[in-house]
Every structure is written in structure tokens, then in C-alpha cells.
Amino acid sequence: MEPYICLGSGYLPELKLEHICSIASDTGFKGVELWVELPDIWEKLCKNFNQGVRYVKETLENFDLIVTIHGAANDVNLSSYNPKVRKITIEELKENIKFCGQIRAEILTIHSSTTFKDAPTEWDIEYFSEGIRALLPFCEDYDVKLSIETPKIEDIQAVVTPEIIDQCMKMHEKVWVTYDTSHVIGHQHNYREGLKIAEKLKEKILEIHLAWNNSKGQNTHAPLQTCKDSLFFDMLKTVYSYCNKLKFIVLEIDNMNEQKDKVSILEHELKIARELFSL
Amino acid sequence: MVKIGVSIITFPFISFSEALQKIEDLGFKAVELWTEFPEIWKLDLNERIKLFKEILPSFNFDLSIHSPITDLNISSCNPKIQEISLIEIEETLILANKTEIKKVIVHGGFKPKEKPFNKLNKNNLDPYIDQTSNGIKQILKQGEELGVEILVENAEYDEQHKILRTYDDFQTITNKINKEFSIVYDISHGLPAGTKKNKEFIIKMKNRIKEVHLSFFDKKIKKHHLPLTFQSKETLEILNYMKKHLPSSPNLIFEIYNLPPDVSIRSNTLKHSLNLIKPSVGV
């Protein structure tokens with residue numbers, strides 16, 4: 001089955017959910033990726049979880065869009081040395097899983113945890129693994145797939161490096177991968193590394209976060225239309241060919257808030273993605 | 001008379017009592033305790049109180065405690081993390097109260113680093129300043145009730161998502177809570193702003209600075225908490241300035257962390273750093 005091309009909501013923080021869905025729908029996207037921390041959703045979920053869920057469900061009913069979810073990422077850390085923070089993180093992610101289950105989203109993407117040291121230690125990895133073990137039964141209950149996002153290649157404090165994701169996959173059969181094209185190539189545009197990671201994790205990639213990395217460090221998720229390097233597009237085609245379990249391709253473009261004509265930019269992005277993957 | 005001390009975190013690979021003994025043997029008169037010191041961190045509050053009561057009476061240090069900071073944020077956009085951050089500080093205040101330690105050091109909060117909030121609040125810190133103000137107000141009240149002085153530390157000037165970095169930040173929070181709380185001034189954190197801005201901060205806050213944290217910030221590699229060297233001219237200039245302008249003599253605490261784990265290397269580095277500052281502080 002062909003993957004759905006979705007609009008990422010993380011860069012549209014000032015918009016209401018309905019407006020984001022309208023943009024996605026009008027532009028021709030098949031789905032949306034919603035961050036639970038999108039202020040319009042987050043504030044409601046924090047105030048009253050059930051009412052927040054109802055709000056999202058009712059809004060989505062007006063659109064023919066499939067939904068994938070990005071879990072909480074701010075200040076939570078599955079590998080924290082602080083047991084209280086680890087506990088809160090697990091609670092928060094369990095709530096995210098429940099949210100997915102209730103709005104019938106199949107995939108929850110979570111971020112790699114972080115270490116406060118200059119490189120992950122065995123403790124960090126063990127804590128992360130403990131967290132995953134605590135979350136998986138919950139995923140089963142709500143029929144949700146937990147997908148770990150590949151971290152920025154330059155982030156030395158990311159605990160779950162691609163090698164560790166690979167180890168984690170071997171330990172936990174039911175953990176999946178969200179492959180972020182901007183993160184894996186980094187500011188140095190290391191396509192070889194991007195391909196290596198994709199090849200290693202190919203059996204587990206359920207979602208691709210699609211964006212160019214403009215290498216200046218401030219706009220890491222740049223529109224595809226700003227990329228002039230054909231090697232990047234060649235890499236994307238190869239990565240796509242590896243992924244036989246892919247469900248979603250999410251266009252994650254930075255600074256959409258500052259763009260006046262969001263729809264025409266997104267239409268162009270969608271056209272590039274469709275042509276690239278023949279979708 | 002200024003007392004010079006060391007953060008206990010300088011010696012994380014030996015036991016709590018061995019670390020204190022090492023600091024005493026090196027001739028330091030003050031210690032900044034951290035609840036995140038490995039041997040303390042694994043204990044619950046009652047066990048921490050018991051350990052402090054067993055070990056600390058054998059030493060004659062002027063003490064302060066740094067409350068935990070790793071993965072905590074009193075201004076978090078996640079209310080659960082915000083609550084836990086305040087609970088950790090409250091527990092540190094209780095520990096201080098039960099063990100007769102009079103000063104507790106706390107950090108301000110920071111705005112979200114991740115999407116989607118970081119875009120929304122790119123130029124707008126207001127909700128997070130409000131949360132920091134509310135948090136500090138609550139901590140100050142608890143400190144008063146427990147007879148513990150709260151010292152709020154300036155954050156790294158170069159980490160722009162952090163809230164209490166500048167004089168203006170401190171003034172904004174002070175005005176919001178309508179109370180002049182005490183400050184621990186970390187010279188390394190202030191150094192990215194340059195000597196002039198550091199001096200301005202010191203002169204404007206001179207009556208509120210009750211402790212000073214001392215280490216080197218290397219602008220080239222952008223790293224804080226490095227040992228002092230002969231190149232640390234700005235640090236020594238700031239220390240001289242403090243000696244001239246501060247009405248009191250706050251304790252100077254070495255917070256040098258980026259070192260090899262070997263205890264003798266760490267001890268020698270402290271001795272060397274101490275010798276470097278002696279002319280500036282007059283001891």
C-alpha cells in the first residue's frame with residue numbers, strides 16, 4: 001500500500017487545529033501529523049484530557065484526513081537521571097498513546113532521550129530501554145505503534161543514536177522508526193550516513209519526516225524547493241526504495257508561520273514529494 | 001573575610017566523606033553541596049538528612065546546597081515537569097532546614113527548546129517569565145518559612161532560551177514578585193556577555209550578590225566551568241572589580257567540572273586556580 005503524504009503541524013504553532021486541517025485538505029495532503037504540544041491541542045489536553053480528545057476528534061470529523069501523532073518532546077526525557085522526571089515522562093507518553101488510541105492514530109513518534117553528559121552512557125541506554133518496556137504494553141492495549149525519531153546527527157547528547165535504535169529494535173520487536181531526512185544528513189549533508197542509517201533500519205521505518213537541511217543551523221527543516229543538490233533527491237529515492245513498511249511521509253517544513261502564502265508553498269512541496277516518490 | 005570553597009561535584013568519583021576530606025585537606029573553607037552528587041542522589045530525603053547529620057559535623061565548612069537542575073525546569077510548558085521541578089527544590093529546602101544549612105541555590109527556568117512552542121515563543125518570553133516569577137515567589141516563601149535563604153543563580157548568557165541571564169531578566173522578575181531576592185553570581189555564566197556587561201550587573205546588584213561561582217568560560221570552544229589559567233584575565237578582572245565594589249565579601253566557590261576523573265589532577269587544578277585568584281581576592 002502506498003504511504004500517505006501528510007502535513008506536519010509542528011511548524012504551524014499559531015494556528016488552530018481546524019485551520020491546519022483546512023490547509024492540509026485544500027492543498028491536497030492525505031493526512032496530518034499532529035504534535036500533542038500544538039498549543040491549540042496541548043492547552044486543552046492539559047486542562048482536561050477527555051475534553052481535549054473530544055475537541056480533536058470532533059474537529060477531525062470535518063475532514064477526510066488520516067492522522068499520525070508526534071508525542072510530547074519539551075522537557076521530558078526517558079533517560080533522565082532524575083527518577084521523578086523519568087516517571088513523569090512515562091506517564092506523559094502513556095497519555096499520548098491513549099490519545100492516539102482514542103483518535104485512532106496508528107503511530108506515535110517520540111524523540112530520542114538525552115544525556116546530560118557529552119555522550120550516552122550505559123545508564124542512559126538502560127533507562128531508555130526501561131521506559132520503552134513500560135510503554136509497549138500500553139501501545140498494545142491501544143493498538144498504537146511506537147516509533148522513535150532519528151535524532152540530529154550533530155546532537156552529541158542524543159541517547160538513541162541510529163546504532164542504539166538498531167540495538168533497541170533487536171531488544172524490542174515492536175518498536176519502530178521515524179526517519180528524519182534533515183536530522184540524518186545534518187548540516188554537513190552527509191548523504192552516505194543518511195543512506196547507511198536507512199539501510200540499517202529499513203525493516204522498521206514506518207514514517208519519514210521529509211525536509212531539506214539548509215546547513216546554517218537555524219532552519220534545519222527547510223522546504224524541499226530550496227534544495228539545489230540533486231544528490232539529496234537521489235538519496236531520498238534510494239531511502240524510499242528501502243522502506244517496504246512505510247506508512248507516512250510527513251512534510252516537516254520550518255518557519256511556515258512566517259510565510260504568507262502557505263498554501264502555494266505547500267502545493268509546490270507536495271508536488272515535489274509526489275514526483276520524487278511517484279505517488 | 002572572603003571564604004573560598006569548592007563544589008562537591010568536583011569529586012563525583014569518590015565518596016561524600018572522602019570528597020569533603022579532600023576539600024578540607026586542600027585548605028578550602030566553604031563547600032557547595034549538591035543533591036545531585038552521586039552518593040546523595042540515590043537516597044531519599046530522609047536518608048539524605050541522615051547522611052548529612054552523620055558526616056557534616058566532622059567538618060567546619062561554611063555550607064550551601066545547590067538544588068537539582070538536570071532535566072528540571074520551573075517554567076516548563078509541561079505542568080507535570082514544572083511541578084516536579086518545584087518539588088525537588090522544596091525537598092532541598094527541607095534538607096537544608098533539617099541540617100542547619102542556611103543557603104540554597106536555585107536556577108530560573110527556560111523557554112521550550114523543541115517545536116512547536118519554540119517557534120511560537122521565538123520573540124516572546126512572557127508566559128515563561130510569568131512561570132519563573134511564580135516559581136521563585138513560591139520558593140522564596142518556602143525558604144522564609146524554613147529559615148533558609150534562597151540564592152538565585154544567573155544562567156549562561158550564551159544560552160538564549162534561559163530566562164535569568166541578564167540584569168534586565170533579574171529586574172523583570174524582581175518587579176513581578178515585588179521582592180529583592182539574593183543572587184549567586186556565576187562568573188563563567190556571565191562571561192559570554194563580556195567584561196563590561198558583567199561589571200554593570202555586579203554594580204547594579206552589588207547588595208544582592210551573596211555567593212560567587214568561579215570558573216573559566218572559553219569563548220573559542222564555548223564551554224563553561226573550565227579551570228582558570230593564565231589566560232583567564234577577564235575572570236581575574238571581574239574578581240578585582242568585585243573586591244572593590246561589593247559591600248560584603250561573598251564566598252567564592254570553584255565550580256570546575258570539565259576535567260579528567262583522576263582525583264589528583266582535580267586537586268592540583270584547584271590548587272593552581274586558587275593560587276591564580278589569591279592576588280585578586282587578597283587572601
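Angles under 35 degrees count here as roughly parallel, those over 145 as roughly antiparallel, those from 65 to 115 as roughly perpendicular, and the rest as oblique. The axes behind these angles are lines fitted to C-alpha atoms, for helices over the stretch in contact, and the angles run from 0 to 180 degrees between N-to-C directions. Helices (H or I, at least four residues) and strands (E, at least two) are DSSP runs, numbered from the N terminus.

The model is predicted, so that local features need pLDDT of at least 70 and side-chain atom pairs count only at pLDDT 80 or more, while totals for chains, interfaces and linings use all residues. Residues are numbered from 1 along each chain as its sequence is written, and chains are lettered from A and ligands numbered from 1 in the order in which they are written.

## Helix packing in chain A

Helix α4 (residues 83–103) of chain A and helix α5 (residues 122–142) of chain A have axes that come within 10 Å and cross at roughly 25°; α4(A) and α5(A) are therefore roughly parallel to each other. Their contact (C-beta atoms, placed from the backbone, within 7 Å) involves, among others, A:Arg86, A:Ile90, A:Leu93 and A:Ile97 of α4(A), and A:Tyr127, A:Ala134, A:Leu135 and A:Phe138 of α5(A). By class, the residues of this contact divide into 10 nonpolar, 3 polar and 3 charged. In this classification Ala, Val, Leu, Ile, Met, Phe, Trp, Tyr, Cys and Pro count as nonpolar, Asp, Glu, Lys and Arg as charged, and the others, Gly among them, as polar.

A second pair consists of helix α1 (residues 17–27) of chain A and α10(A), which pack at an angle of about 50° with their axes 9 Å apart, and that makes α1(A) oblique to α10(A). Here A:Ile23, A:Asp26 and A:Thr27 in α1(A) meet A:Lys262, A:Val263, A:Leu266, A:Glu267 and A:Leu270 in α10(A), a contact with 4 nonpolar, 1 polar and 3 charged residues. The crossing of α4(A) and α5(A) is right-handed, and the crossing of α1(A) and α10(A) is right-handed.

## Strands

In chain A, strand β1 (residues 4–8) and β2(A) pair in the parallel sense over 3 bridges, where pairing requires that DSSP finds at least two bridges between two strands. Within this pair, A:Gly8 stands opposite A:Glu33 in β2(A). A residue is buried if 20 or more other C-beta atoms lie within 10 Å of its own, exposed if 12 or fewer, and partly exposed in between. For strand β2 (residues 31–35) of chain A, 5 of the 5 residues are buried, so the strand is largely enclosed by the rest of the structure. In a regular strand the side chains alternate between the two faces of the sheet. Both faces of β2(A) are covered, with A:Gly31, A:Glu33 and A:Trp35 buried on one side and A:Val32 and A:Leu34 buried on the other.

In chain B, a closed barrel of 8 strands runs β1-β2-β3-β4-β5-β6-β7-β10 with parallel pairing, and neighbouring strands of this sheet are turned by 30° against each other on average, direction ignored. Strand β1 (residues 4–7) of chain B is joined by 3 bridges to strand β2 (residues 30–34) of chain B, and the two run parallel; B:Ser7 stands opposite B:Glu32 in β2(B). Across β3 (62–66) and β4 of chain B lies α4(B), running at about 170° to β4(B).

## Backbone exceptions

Most residues other than glycine have a negative phi, and most peptide bonds are trans.

| Residue | Phi | Location |
|---|---|---|
| A:Arg104 | about 60° | loop between α4 and β4 (107–110) of chain A |

In chain B, a cis peptide bond with omega of about -10° joins B:Lys115 and B:Pro116, and B:Pro116 lies in the loop between β4 (103–107) and α5 of chain B.

## Contact between the chains

B:Glu114 is placed in the loop between β4 and α5 of chain B and is partly exposed, with 18 other C-beta atoms within 10 Å. Leaving aside its neighbours within four places in sequence, B:Glu114 is in contact with A:Ala73 and A:Asn74. Overall, 20 residues of chain B are in contact with 25 residues of chain A. On the chain B side, the elements that give two or more residues are α4 (79–98) and α5 (117–120), and α4(B) gives the most, with 4 residues. The residues of that side divide into 10 nonpolar, 4 polar and 6 charged.

Notes. A crossing is left-handed if the near helix is turned anticlockwise from the far one by less than a right angle, and right-handed if clockwise. Two residues are in contact if their C-beta atoms, placed from the backbone, lie within 7 Å.
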